[in-house]
Structure formats: C-alpha cells, structure tokens
Amino acid sequence: MSDESARPVYDLAIAGGGLVGASLALALAPLGLRVALVEGVAPVTGSGEHPSFDERTTALANGTVRVFRSLDVWRHMEREATPIRRIHVSEQGRFGVARIDAAEQGLEALGYVLPNRVIGAALWAGLSHCPCVELVAPARATGSELEADVRVLRFERDGGEQSIAARLVVAADGARSLVREQAGIDTDHWSYGQTAITATITTQRFHDHVAYERFTPQGPIAVLPLAEGRCGIVFMRPPEEAARLLALPDEAFLAELQREFGFRLGRLLRVGRRGSYELGLARTDRHAAPRLAVVGNAAQSMHPIAGQGFNLGLRDAASLAEVIADARAAGEVDAGAPDTLAAYAAWREVDQRRIVAFTDGLVRLFGSPLGLARGLRSAGLLAFDFFPPAKSAMARLSVGAAGRVPRLARGVPLATGH
C-alpha cells in the first residue's frame, strides 16, 4: 500500500472474524459486495484452536438456526446440534418450578446447543466458497478514521501497521473493541461480581433434551444438553469461590456441583476441561457512527442467564445485511450511506434495550437475597408454570421471535424483499 491514492476501496471492511463477524461476511456474499474480513487468527475448518471457537457451548434460538439455514451452513452444524425440547427452571430451597415444553408451543425444539468450534468451522467452510470476501489474517484491528467518502481501517500485520479503505467499517472485534472505542462510541459497563465456570460433563441419566436453569444463593447454574448424551455447564459463582472451584481436582469439583445442582440427572460422572470468564453487562450508547456500524459483543455483552447474547449479536449481523440489501435494491450503492446506518441503528437499539432489560432483570431478581424477592421468585415460577400466555411469550423470546425479526431469521433470502 505504498501508493495511498491507488489503494482499492472495499464496500465493507469487517474488523473481527469471530462468529458474528464471519456470519455477517457470509450474509453479505450474495449481494456482490467487495468485503474485507480482518481477523486476528487464521481460520480453521476442523476442530480448531481459534479463541472464539473454544469448547464453550452456545444455545441457538430457532431464529438463529434459520439464519444459518439461509446462509447454507446449518448442514455443516446439524450433526452436532442437540435440540432443547424442554426448559426447566428452579430455585434451590424453594418450591417454585417453571417449565416450557416445545411441543406445547407447537415447536420442534426451543433451540439447539452446539460447541462454538463447530459453529465457527461451519462459517469458515462457507466463506471458503465466497470469492468476494477477502480474508486479511492474521491481523489485529487497531482503529479507524474518516477520510473523504471512506473510512480507513488500521490494523497490525507482519510486524507493521497497514490499512484498507471501505465505504463502511464494521466493528465486530469483541467486547473490548478498539475500533469502537477509537471511533468515540461510549459504552456502559457494570460487573455482576460473578465468574462463570464452563465445562462439559457426563451424567448417569440421559439429559432427555432438557435445559436446566438452577438458581442458588451464590449464583445460577445452567446445564445444557449436548450430543452423545453429554451436558454443557455454566456454573456461576463469586470470583473467590470460582477460583477455589477451578483449583479443585475433578472429583471434588463434581461433588460441589452435584451438591448445588442436585440429582435430576443422577450422579455426575466426569468433567472435561474447565474454563472461566467474568460476568458483566456492557452496551454501547449507539450502534453507528459515520461510516461505522457496531455488531455483536462490540455492541453489547451480557449475562448468560437467558442465553440471549449470541442470538442478539447475530441479529445485529442479519439486520445490517438486510438494511444494506434494501438500500441497494432502492438504488443506493454506498454501503455506508447515512440513511442506511440510521435505519440499522434505530432497529438495533430497540432490540438491544428489550433484551438487556429482560436479562438484567432476571439477574437482579434471582440474585437478590431479600426475603420479599425470594417470595416473588417462588410465586412467579409457580404462576409462570400455570399461565400459558406467559409461557408462550417466553417461548417466543427463547426462539428469537419477539419484536422485529430480520428476514434471514425468517428463512427469507435478502434479495426477495419483504
């Protein structure tokens, strides 16, 4: 790039090729746009070691599955996808229990659970057939700036700084997004004072495709059904307690988990590699700036209590692809046009506000030690279990069908209109 005046201009430059960034690149491929995908780690199509594709599992809403079907990558994931047929919510030491059954809601499943590495490998396999998407990797995005009618994305590669120009730069570089921060988009952060321990376990009884959410005084426990009868756990505890649990031998760790979760799945037999991450809530004050859009964890990150984080981030990608496709259909060839970005920002701010309020409300309700809150929780769980409209509303939210739904999440190709 020694001759800046002659450098090519991309339609889009996506900073970050994790699950959301790769999905966005794939969604844009049919539009014939020239897309650069700047990613810090070279892609993999097998089991892989990409840090975003580790052994954490993700619960996919049905809307998310429809997006992946629309992108023709679900066939690469389906074999390892485990359906969630029922959701069981309980609180330790209380009588209230809430249950949601897919069959009662007329659904095949409430969602599906997959290891992140499987999702990532499928996305990269799809991108390998997209000649209009140019991969720039390994490269670390460091920021961007406006320059005439483009935005210039800067990144470090091969020991030096390089840059590319695009009509639109997309910040998909995670919760600590340098591109977002350097563009002056503020974020609100607060910590929940908890650490999530993640692992895969095997159990005495088959999970029967039930996802469990168990609330305890020290934090929630989520147990998700996986392939081959295994289960994925998210064991949430205060940081000091989490550090102690992480240091325990496998047998002692399983005994602690058993005591807190109970025997719904019989004895807990084996635990795989344990990981951990701190839990908090972060959200941007806006989703767009001049010639810049923010998606995925760069726009928001939240507590996993309701399994909404990745599904919300993928809707960012599907929504951005849709507003760009609609603008092009109306004759706007500039992917970073102000009206296009305004439409994207307005759409996403409503969805983000709704999901953040729902998730944060659950954390605060079930995290409160006050007697009144405990009583409300038990009464609420009992009432929920016997109130079909509430169960239907929760089921719609769990499958990503509440609010305005992107066309890709309805299985409708972008090029066909509404």
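This is a predicted model: local features need pLDDT of at least 70, side-chain atom pairs count only at pLDDT 80 or more; totals for chains, interfaces and linings use all residues.

1. Confidence overall. The mean pLDDT of the protein is 86, and 84% of the residues score at least 70.

2. Helix 1. Is this helix, residues 19-28, enclosed or open? Since 10 of its 10 residues are buried, helix 1 is largely enclosed by the rest of the structure. The buried residues include Leu19, Val20, Leu24, Leu26 and Leu28, and among them are also Gly21, Ala22, Ser23, Ala25 and Ala27.

3. Strand 15, burial. Strand 15 spans residues 231-237; seven of the seven residues are buried, so the strand is largely enclosed by the rest of the structure. Cys231, Ile233, Phe235 and Arg237 point one way from the strand, while Gly232, Val234 and Met236 point the other way. The residues on both sides are buried, Arg237 included.

4. Strand 15, pairing. Which strands pair with strand 15 in the antiparallel sense? One is strand 12, through seven bridges; another is strand 14 (residues 219-225), through five bridges. Ile233 of strand 15 figures in both pairings: Ala199 has Ile233 as its bridge partner, and Val223 stands opposite Ile233.

5. The hairpin of strand 14 and strand 15. Five residues lie between the two strands of this hairpin. Glu228 adopts a positive phi near 60 degrees there.

6. Salt bridges, and the pair of Asp208 and Arg86. The count of salt bridges comes to 24. One of them joins the side chains of Asp208 and Arg86, with an N to O distance of 2.9 Å. Asp208 is in the loop between strand 12 (187-203) and strand 13 (210-216), and Arg86 is in strand 5 (residues 86-91), so the pair ties together parts that are 122 residues apart in sequence. Asp208 counts as partly exposed because its relative accessibility is 39%; Arg86, at 28%, also counts as partly exposed.

7. Glu145 and Arg154. These residues form a salt bridge in which the closest N and O atoms are 2.8 Å apart. Glu145 is partly exposed, with a relative accessible area of 28%, whereas Arg154 is buried at 17% relative accessibility.

8. Arg315 and Asp351. Where does each partner of this salt bridge lie? The side chains meet at 2.8 Å, N to O. Arg315 belongs to helix 8 (residues 309-329) and Asp351 to helix 9 (residues 338-367), so the pair ties together parts that are 36 residues apart in sequence. Both Arg315 and Asp351 are buried.

9. A network of salt bridges. Arg315 and Asp351 also take part in a linked network of salt bridges, together with Asp316, Arg348 and Arg354.

Methods:
Residues are numbered from 1 along each chain as its sequence is written. Side-chain values use heavy atoms; hydrogens and water are left out. pLDDT is the predictor's confidence in each residue, from 0 to 100. Buried means under 20% relative accessible area, exposed over 50%, partly exposed in between (1.4 Å probe, protein chains only). Helices (H or I, at least four residues) and strands (E, at least two) are DSSP runs, numbered from the N terminus. A salt bridge is a side-chain nitrogen of Lys or Arg within 4 Å of a carboxyl oxygen of Asp or Glu. Two strands pair if DSSP finds at least two bridges between them.
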